[in-house]
Amino acid sequence: MRLFCAASILGMAASPALAQKSNKRVAVMLAPTQDAFVGTWATTFKAQSSALGMDASIFSSPFDASLQARQIDDAVAQKFDAVVVQALSLNAILPALQRAKAANIPVMAVISPLPESASGLIVSYVGEDSRRLGEIAGEAMANALMKSGKTKGRVAAVTGSLADGIAPTRLKGFESALAKYAPEAKIVAVEDVRWNPVAAEQAAGQLIARFAATGNLDGIYGMNDRLANAAIQAANAVGQKLGGKDGLVVVGGNCQAVGMQNLATGDMAATVEMLPKVSATRASQVLQEVLAGKAVDKTYFEQHRLVTQANLAEVKSACSY
């Protein structure tokens, strides 16, 4: 397993002058590219892989695991040289990966880690360390609660899809860190909004109203900054104070543009660095090595760090996607 960070990867961006003109055809299977993170990742990967002599075709799926499996089968039938996949369902994708392996087409997983049962079906994984993302957010929530004197704080989580994918692992990391650093705090509600900010705002509003009669919620974890922003909007709609000793603590993730704004105003306590351009650039480099027949590591985890007002200036530009 190898870690990679923004400074090292952005300094190694692909150069057309160094590209090998192999014209390798790569099928890239992703979640909806309308999402800011996925869209930025896709654009970056396509540009970087092109500079390295690969022709990447992007295929998006609206969180439909069966459609993604068919897309992989189509790529196998069309004899692409490689498949890159952000798995929408960590279990449903396995049969399609087995068929790709049988056809001797290398598969690289990106963004979302695959289960151990799939390790023999992929050549490498490049992307987030889901548990670490959750742990950093959980520690940030614990510290914010302790700082505001809410050692027994009541916390809710507004999450991505908990049926599968990265969200369950992030949540486990968050729960573990919160229990470690604020043992008297309690997670009182978890709302699965499937990464939808509109649903997140509605869910957060309902949670705030539900606990208002018994002393209010003390914290909300939005699994990415857009979900955290939805919680902030819900709090503003009902006049719930944000931050400070008496306010609601909001912690996000993925360090997105809206999160940078909310950190600057103090409405959000923290987020976690996760950069699509860095991850996509590294993925293109690893795939080039795979197609060149070189040995690669089985796992390349992006290095994550806590982002607060204290280091906002350092990451604001990179996180504003």
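**Exercise 1.** Which residues in H8 meet which residues in H9?

*Solution.* The structure is a predicted model, in which local features need pLDDT of at least 70 and side-chain atom pairs count only at pLDDT 80 or more, while totals for chains, interfaces and linings use all residues. Residues are numbered from 1 along each chain as its sequence is written, and side-chain values use heavy atoms, with hydrogens and water left out.

Helices (H or I, at least four residues) and strands (E, at least two) are DSSP runs numbered from the N terminus, and contact means heavy atoms within 4.5 Å. On the H8 side the residues are Asp-225, Arg-226, Asn-229 and Ile-232, and they meet Val-258, Gly-259, Met-260 and Asn-262 in H9. The residues of this contact of H8 with H9 divide into three nonpolar, three polar and two charged, where Ala, Val, Leu, Ile, Met, Phe, Trp, Tyr, Cys and Pro count as nonpolar, Asp, Glu, Lys and Arg as charged, and the others, Gly among them, as polar.

**Exercise 2.** Determine how H8 and H9 are oriented.

*Solution.* Axes are lines fitted to C-alpha atoms, for helices over the stretch in contact, and angles run from 0 to 180 degrees between N-to-C directions. The axes of H8 (residues 225-237) and H9 (residues 257-265) come within 8 Å and cross at roughly 45°. The two helices, H8 and H9, are therefore oblique to each other, given that angles under 35 degrees count as roughly parallel, over 145 as roughly antiparallel, 65 to 115 as roughly perpendicular and the rest as oblique.

**Exercise 3.** Which residues of H4 are buried, and what covers them?

*Solution.* Buried means under 20% relative accessible area, exposed over 50%, and partly exposed in between (1.4 Å probe, protein chains only). In H4 (residues 94-102), the residues Leu-94, Ala-96, Leu-97 and Ala-100 are buried. Seen down the axis of H4, these buried residues fall within an arc of 160°, so they line one face of the helix; the arc is that of the directions from the helix axis to the C-beta atoms. Their cover includes helix H3 (65-77), strand S4 (82-85) and strand S5 (107-111).

**Exercise 4.** Describe the packing of H3 with H4.

*Solution.* H3 and H4 pack at an angle of about 10°, with their axes 9 Å apart, which makes H3 roughly parallel to H4. Ala-69, Ile-72, Asp-73 and Val-76 in H3 meet Ala-96, Leu-97, Arg-99 and Ala-100 in H4. By class, this contact of H3 with H4 has six nonpolar, no polar and two charged residues.
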